[in-house]
Amino acid sequence: MAKVDFIKNHIAAAIRTEKDFSKALRSDVDMVFLLHVNIMNVSQCVKEIHSAGKKAFVHIDFTEGIGKDRYGLEYLAKQGVDGICTTRTNLVRMAKEFNLITVQRFFMIDSHSVGTSVDSIRMSKPDIVEIMPAIVTKKIKEFSSLVDVPVIAGGLVETEDEVRAALDAGATVVSTGERELWTLKV
C-alpha cells in the first residue's frame with residue numbers, strides 16, 4: 001500500500017479538455033487522470049501536474065501516438081508519469097517493470113463481471129482498481145470487500161450525493177469529470 005499512500009483527497013480529476021486541465025491544476029485533487037493525452041503533449045502535461053503538487057496518471061488505452069506495449073510504458077515512465085490507467089491486465093503487469101502506479105479499470109455490467117474482475121486482479125495485482133460506473137454502489141460495496149487495494153469509483157458521477165454514496169459504499173476515491181465536484185470537501 002506504500003505506493004498509494006499519497007491519497008489525501010477523495011476526489012480525482014478525469015481530464016478530457018484543456019479547460020478541464022487548467023481547472024484541475026488549481027483544484028484540491030491529488031490525482032489527475034489524463035484521458036486524452038498524446039505523444040506530443042504528455043511531457044508538458046506531467047510537468048504542470050507535478051508543479052501543482054499532484055500525481056499524473058495516463059489512461060494508456062486512450063493515448064495517441066504512444067504504443068499500448070512495453071515501449072509505450074517505458075516512454076511514459078521516462079516522461080515522469082506517476083501511473084497508468086487501463087482495462088488491460090497485461091499492461092498492468094508490464095507497468096510494474098517501470099515502477100508505475102497501476103490503476104486497472106473494470107466495468108460492472110452484470111454479476112459475471114464481478115467474478116472475472118476479481119480473477120483479473122489476482123493475476124495482474126494492480127495498485128488501485130477503478131469500478132465503473134461509480135453509481136453502482138451496491139457493487140462497490142461487494143467488490144471492495146473482495147480485494148485488498150484502494151478502489152476508485154468512476155463514471156457517470158454528476159452530483160455530491162453520488163460522490164457520497166460511492167464513498168459510503170467503500171470507494172477510497174471518486175473520479176469525476178464534473179469540475180464543480182473537484183472542490184467538494186467530503
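Me: Of the contacts with a separation of 6 or more, what share comes from residues 24 or more positions apart?
Reply: In this predicted model, such residues account for 54% of those contacts.

Me: How many helices and strands?
Reply: Seven helices and eight strands. The radius of gyration is 15 Å, close to the 16 Å that the globule rule gives for 186 residues, so the chain is as compact as a globular protein of that length.

Me: What box do the C-alpha atoms fill?
Reply: Roughly 40 × 35 × 30 Å, along the principal axes.

Me: And how much of the chain is buried?
Reply: 52% of the 186 residues count as buried. The accessible surface comes to about 8700 Å². Carbon and sulfur atoms own 51% of that surface.

Me: Switching to charges. How many positive and negative side chains?
Reply: 24 positive and 25 negative. The centres of the two sets lie 3 Å apart.

Me: Now the inside. Which residues have the most contacts within the largest nonpolar core?
Reply: I15, L34, V42, L73, L76, I84 and V163. That core has 39 residues.

Me: Which elements each supply at least two residues of this core?
Reply: Three strands: β1 (11-15), β2 (31-34) and β3 (55-59). On the helix side, α1 (18-26), α2 (42-51), α3 (70-78), α4 (89-95) and α7 (160-168).

Me: Where does the largest share come from?
Reply: From α2, with four residues.

Me: What about a second core? Which residues does it include?
Reply: The second core is separate and has 15 residues. V4, I101, V103 and V173 are among them.

Me: Buried or exposed?
Reply: A14 is buried: its relative accessible area is 7%, and the cut-off for buried is under 20%.

Me: How are A14 and H36 separated?
Reply: They are 22 residues apart along the chain. Their C-alpha atoms are separated by 9.7 Å.

Definitions and conventions: Residues are numbered from 1 along each chain as its sequence is written. This is a predicted model: local features need pLDDT of at least 70, side-chain atom pairs count only at pLDDT 80 or more; totals for chains, interfaces and linings use all residues. Side-chain values use heavy atoms; hydrogens and water are left out. The radius of gyration is taken over C-alpha atoms; the globule rule is 2.2 Å times the number of residues to the power 0.38. Buried means under 20% relative accessible area, exposed over 50%, partly exposed in between (1.4 Å probe, protein chains only). Contact means heavy atoms within 4.5 Å. Accessible areas come from the Shrake-Rupley method with a 1.4 Å probe; for residues, only the protein chains shown count as cover. Lys and Arg count as positive and Asp and Glu as negative; His and the chain ends are not counted. The place of a charge is taken as NZ of Lys, CZ of Arg, CG of Asp or CD of Glu. A nonpolar core is a set of buried Ala, Val, Leu, Ile, Met, Phe, Trp, Tyr and Cys residues joined through side-chain atoms within 4.5 Å.
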